[in-house]
Amino acid sequence: MSSTRRHFLAASGATLLTLQAGMVRSQPLVGPLAPPPLAPWAVSGASAPDPRLGAMAWAVLAPNPHNRQPWALRLVGESEALLFCDLDRRLPATDPFDRQIVIGLGCFLELFRMAAAERGMDAALTPFPEGEPAPRLDARPVARITLRPGGTRDPLFAAVPQRRSAKQPYDVTRPLPEGAPAQLAAALLEPARLSVASGDVAAIRDLTWRAWLVEANHQAAWGESVELSRLGTEAVTAQPDGISLWGPQMDAMLARGELSHAAMAIGQPGHAFALRQYEVMLGATNAYAWLTTPGNSRAEQIATGRDWLRLNLAATAAGLAMQPVSQALQEFPEMAGPSAEMPRVLGATGTVQMLGRLGFATRAAPPTPRWPAESRIIPG
């Protein structure tokens with residue numbers, strides 16, 4: 001492989017398409033011998049005496065935008081907890097009103113609730129008990145969680161350890177199974193929120209690509225991804241969030257100067273390579289799923305997150321891959337054109353909250369690094 005080609009592979013940081021091969025393969029990806037950034041996937045804290053801490057050990061595995069893991073939990077008394085947003089983990093360039101961050105927090109809450117039910121506890125969720133913040137989140141709690149005996153175990157919970165965001169081309173020779181949309185809808189708390197399109201999806205595919213180009217060529221939006229890229233095992237271990245590029249191959253490229261944030265900037269070779277990679281990836285899609293709500297309240301955003309988590313788990317259980325492609329739903333001004341097109345292209349009413357690619361993966365996707373659950377507990 002030429003040095004130029006190696007440079008391209010190293011510099012395409014935001015895609016993770018070719019770089020997944022650089023993950024640590026000499027150690028298990030999950031389990032007690034996993035490298036530290038993946039250790040939370042072993043869920044060793046699930047049996048903690050305090051069921052809130054046990055549920056937290058699972059909840060940190062929830063999907064969330066840019067893997068920011070914005071959750072922070074304060075234990076209250078013997079049976080309650082307050083969920084807060086770590087305001088330093090928001091995405092001001094691509095998520096200026098914190099809508100996507102709230103959806104990620106909704107994913108966390110639903111996984112927390114499901115994990116508590118595994119231990120025979122019912123987790124009652126009260127979104128925004130001190131009011132809904134606008135236009136951005138503030139220091140008020142996102143939700144109050146109250147545990148009490150009860151709770152019904154959810155069959156979707158078995159899919160949690162295998163859930164991934166599969167950022168890769170899908171097998172377009174395999175159509176979505178005929179019964180898949182109904183199966184996915186049945187898994188949601190609000191089945192009517194879900195729509196699925198398969199087969200003739202050229203218009204959706206084109207819109208997702210054009211929206212991705214807007215983000216990729218916008219200085220602040222692309223810069224946000226570059227800044228959140230953790231380069232090399234040492235960096236990922238120190239900060240296991242954001243976009244992680246690590247493992248022996250990546251570490252060697254970093255040492256040789258072939259992997260850097262500068263190489264990923266707009267106009268640099270890595271940026272051009274990322275464009276080509278994403279064009280191939282987004283083009284290899286023959287089905288989409290999206291969630292809508294009647295309005296766009298904070299409570300509806302939380303509800304969307306809960307169902308987005310459930311949709312991902314249902315897809316995993318059905319052997320399907322998913323990846324969010326919600327760039328056209330972002331609210332920064334330069335995205336206004338694709339955003340205005342989205343309801344028409346989807347035939348959607350209300351607010352489209354999430355859009356994802358759906359299909360069959362062509363290779364196994366690795367888990368993403370996570371902060372350990374105990375690091376996300378607010379002392380006192």
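Residues are numbered from 1 along each chain as its sequence is written, and side-chain values use heavy atoms, with hydrogens and water left out. Because the model is predicted, local features need pLDDT of at least 70 and side-chain atom pairs count only at pLDDT 80 or more, whereas totals for chains, interfaces and linings use all residues. Helices (H or I, at least four residues) and strands (E, at least two) are DSSP runs, numbered from the N terminus.

Strands of a sheet pair through backbone hydrogen bonds, either parallel or antiparallel. Here, two strands pair if DSSP finds at least two bridges between them. Strand β1 runs antiparallel to β2 (residues 80–85), and six bridges join them. Within β2, C85 stands opposite W71.

Axes are lines fitted to C-alpha atoms, for helices over the stretch in contact, and angles run from 0 to 180 degrees between N-to-C directions. Contact means heavy atoms within 4.5 Å.

Five bridges pair β5 with β8 (residues 287–293) in the antiparallel sense. V196 stands opposite A289 in β8.

Two packed helices are described by the angle between their axes and the distance between the axes. Angles under 35 degrees count as roughly parallel, over 145 as roughly antiparallel, 65 to 115 as roughly perpendicular and the rest as oblique. Helix α3 (residues 99–118) packs against both α2 and α10. The axes of α2 and α3 are 8 Å apart, at an angle of about 130°. That angle makes α2 oblique to α3. The crossing is right-handed. A crossing is left-handed if the near helix is turned anticlockwise from the far one by less than a right angle, and right-handed if clockwise. R52, A55, M56, W58 and A59 of α2 meet F108, L111, F112, A115 and A116 of α3. This contact has nine nonpolar residues, no polar and one charged. Ala, Val, Leu, Ile, Met, Phe, Trp, Tyr, Cys and Pro count as nonpolar, Asp, Glu, Lys and Arg as charged, and the others, Gly among them, as polar.

The axes of α3 and α10 come within 7 Å and cross at roughly 60°. Helix α3 is therefore oblique to α10. This crossing, too, is right-handed. The α3 residues in the contact include R99, G106, C107, E110 and R113. Those of α10 include R298, R306, W308 and L313. By class, the contact of α3 with α10 has 11 nonpolar, four polar and six charged residues.

Neighbours within four places in sequence aside, R306 is in contact with G106, C107, E110, R113, L125 and L189.

A further helix pair is formed by α5 (residues 202–216) and α6 (residues 219–227). Their axes come within 6 Å and cross at roughly 80°. Helix α5 is thus roughly perpendicular to α6. W212, E215 and A216 of α5 meet A221, W222 and S225 of α6. These residues divide into four nonpolar, one polar and one charged.

Most residues other than glycine have a negative phi, and most peptide bonds are trans. D98 has a positive phi of about 65° although it is not a glycine. D98 is in the loop between β2 and α3. A cis peptide bond, with omega about 0°, joins A134 and P135. P135 is found in the loop between β3 and β4.
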